[in-house]
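Q: Could you walk me through how two copies of a chain meet? I'd like to learn how to read the contact step by step.

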Number of protein chains: 4
Amino acid sequence: MPAASTRPGEGDPAGPRDRHAILTATLDALGEHGYQRMTVEGVATRAGVHKATLYRWWASKGSLVGWALGAGLPTGPVPDTGNTRDDLVAWLRGTIDNYTSTPAESALPALLSDLASEPGTLEGFRRSFLDARRSHCAATVTRGIARGDIPADVDVGLLMDVLAGTVFYRQLVSGEPLDEGIAERLVDLVLAGTVPRLP
Amino acid sequence: MPAASTRPGEGDPAGPRDRHAILTATLDALGEHGYQRMTVEGVATRAGVHKATLYRWWASKGSLVGWALGAGLPTGPVPDTGNTRDDLVAWLRGTIDNYTSTPAESALPALLSDLASEPGTLEGFRRSFLDARRSHCAATVTRGIARGDIPADVDVGLLMDVLAGTVFYRQLVSGEPLDEGIAERLVDLVLAGTVPRLP
Amino acid sequence: MPAASTRPGEGDPAGPRDRHAILTATLDALGEHGYQRMTVEGVATRAGVHKATLYRWWASKGSLVGWALGAGLPTGPVPDTGNTRDDLVAWLRGTIDNYTSTPAESALPALLSDLASEPGTLEGFRRSFLDARRSHCAATVTRGIARGDIPADVDVGLLMDVLAGTVFYRQLVSGEPLDEGIAERLVDLVLAGTVPRLP
Amino acid sequence: MPAASTRPGEGDPAGPRDRHAILTATLDALGEHGYQRMTVEGVATRAGVHKATLYRWWASKGSLVGWALGAGLPTGPVPDTGNTRDDLVAWLRGTIDNYTSTPAESALPALLSDLASEPGTLEGFRRSFLDARRSHCAATVTRGIARGDIPADVDVGLLMDVLAGTVFYRQLVSGEPLDEGIAERLVDLVLAGTVPRLP
DNA sequence: ATTTAAACGAGACGGTACGTCGCGTCTTTGT
DNA sequence: ACAAAGACGCGACGTACCGTCTCGTTTAAAT
């Protein structure tokens, strides 16, 4: 999620001495105050580092938060239990966690808008987080196809968007609760075509 | 999308003299610069009005944008063609338009984060736009139930979240294209349980 | 001494509400800490004003200090006692005061270098202070010519540079004391050609 | 111009390996950008040396520049032509060169203020440059006294301040041109009491 | 017609945070 | 011992934009 930047250490190698402390402090601040209210100076102080150090390694506030999220959100992997439905449910539960646990909850939407304005930055977040996350799901689906649980020509991308998108939208837009059975019901929809009924 | 505010004219009645010009200018600015980069002063100038006037009637930048969107996005209604599938597809196409046409595209995510931080503000946007939009869909679904096209105990809320959420997520997060057939394929998924195949 | 600037109120008219308090605070800070060590924020606080206000009206720290000096240093006028020598001594004593009283002492040299880097800024200081100061001296000299105390074709500019420059140089460069009789001895030099003797 | 410092090599002996390259680079940078705008890092790069090396040998930017000037400005000696007036004119011409040739022109005033803030530093510059320079002038004056050209009780210090100060002041403050005959006219003033006429 | 109140234009201001710059220090690694 | 490399602390600078405030003026309804 970096700005289109030449900062040397936004990606992986080297980076600042206290890289871990910084990213942790960033996620903490994010969880406490949300994206708009958190301050770069606050993150620096919390990490025991000077603000200038942050700007030496990340191009902007958005960039810093982007990489912190990419480094902080778990991407998987999803266990292979042999049961396609269970695996997908597990994956979706992970997604729900990612979008509802404090740091991401407040940060993701702001980031998407903030960084979408400069071309190429959103790509960074996608590469550093989404791609890994989605490839794990795709692997599960592939296993499901092998087992005959899923048609071979399924549109995996759309399937994932249905699962993750519904959850994302509930969380951020419609505000409907993400209750207990939601993961199962969505997986059943995309897997077996079970029209969702009222619980 | 108003702040929990006592501003007299955020809702409908009265309001500033140039209410229409202001809301239009807001949407224009939104479309051109995005939420973060647009400025209240810029909107005021564009509307031929002084900044103070905006703050007399809306509590904040977010509030202004929220109401502009609420007033600017079409909510429906959806025609009753007698064919449930066609009606839902038409509704979903409207949703896609709302989320991909320039103003909303750049504004929605920022807004959701910006306003979600102060409790109760997101409610305003939901009331002024989402509720109307969703009630139109619900009406279509009800007609579908009457026709026997949809089970009576369908979870309408979840159904709408699947439709709108998938589209929203593609647009903002995964970045996958919203190609031609997407509306039909999603409607077929929630209506007939047709697992989405590659086109 | 302003930057080549379009700030509306650097010169005279209007200006910020607390113009006087600001200029006074600037001179105070200058006297206490010197040019390099004083801070714009400190001036703002002292003046009971916000830093942004200063930058709304002056282009930079140097510009602010320049105008403060221009406004703070007395330029004259010099009384006409009827005695050319006495008048010139009085004028030179004023100059000594200007260059040795606390604010200017620490500020002038820094300013000269700081602002000389951007063409035209030094001009501002000259116009807002030096010109007035020098015209008073020139008037005295003119009266002296009328009285026959000074040759009509005297090089007034050079005469003033000898007087002020010697004082300035002692203060800033050579560090020799500006003792009691110095004004008289310099005036006698340029007026009567009396080679300076040890006191 | 050093800080009251214990740096081993600020004065003469030993010093860094590339002492000459460093001092030259310092003067170059000074001439190009002026004191404020030049950077220590830039000097280091230009000298093919690391910044830390500079700080091992000089206490500060000001100190470095001070010594570079002390080493870079010629102090004399002034030839003894047997003619007091000619000798003094030659000396003053050297002074004019020192204050108008590029490096010193931009550096001196800034330095004086920058270093005057820490007590004792200006002393360094005086010792490393001014004293030598002034002793050459004093020698010339002494010879002039021996020849009977100058009264024995002349105030040599003041005489030098008049000569150098006027030039310094023209260059930095009043901005009047340092035209051709200026050296002669000033020398004639202090030597013969010739009131300066318009050329 | 005149009064009066609401709305508006104008624009300075306080405030928060951002991102930048350059000095001077320090640690690590050679040589 | 000295030097290269380069991250870092630190203090300040100058900028942007938000939202508030005061004051004078227009507009329009009410008397």
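Predicted model: local features only at pLDDT ≥ 70, side-chain atom pairs only at ≥ 80, totals over all residues.

Q: Which helices of chain D supply residues to the side that touches chain C?

A: At least two residues each come from α1 (19-37), α6 (102-116), α7 (121-147), α8 (156-174) and α9 (182-192) of chain D. The top contributor is α8(D), with 13 residues. Sorted by class, that side of chain D holds 24 nonpolar, 10 polar and 12 charged residues.

Q: How do I read the area buried between chain D and chain C?

A: The size of an interface is often given as the accessible area lost when the parts come together. Here about 4100 Å² is buried between chain D and chain C, and carbon and sulfur atoms give 60% of that. On the chain D side, D:L158, D:Y169 and D:V173 lose the most area to chain C, together 15% of what that side buries.

Q: And what rotation superposes chain D on chain C?

A: The general idea first: two copies of a chain are related by a rotation about an axis and a shift along it. For this pair, a rotation of 180° with a shift of 0.1 Å along the axis puts chain D on chain C, at an RMSD of 0.2 Å. That is how a two-fold axis relates copies. To find the axis by eye, go to D:G193: of the residues of chain D, its C-alpha comes closest, at 1.6 Å.

Q: Why do the copies meet through the same surface?

A: Because 100% of the interface residues of chain D are interface residues in chain C as well. Each chain puts 46 residues into the contact.

Q: Is α9(D) mostly covered or mostly open?

A: Mostly covered, with eight of its 11 residues buried. Those are D:I182, D:A183, D:R185, D:L186, D:V187, D:L189, D:V190 and D:L191. The cover comes from both chains: it includes α8 and α9 of chain C, along with α5 (84-100) and α8 of chain D. Just past α9(D), D:G193 has a positive phi of about 70°.

Definitions and conventions. Residues numbered from 1 in each chain as written. Chains lettered and ligands numbered in written order. Heavy atoms only, no water. Least-squares fit on C-alpha atoms with pLDDT ≥ 70 in both. Contact = heavy atoms within 4.5 Å. Buried area = accessible area lost by both parts, 1.4 Å probe. Helix = DSSP H or I, 4+ residues; strand = E, 2+ residues; numbered from the N terminus. Nonpolar A, V, L, I, M, F, W, Y, C, P; charged D, E, K, R; others polar. Buried < 20%, exposed > 50% of the residue type's maximum accessible area, 1.4 Å probe, protein only.
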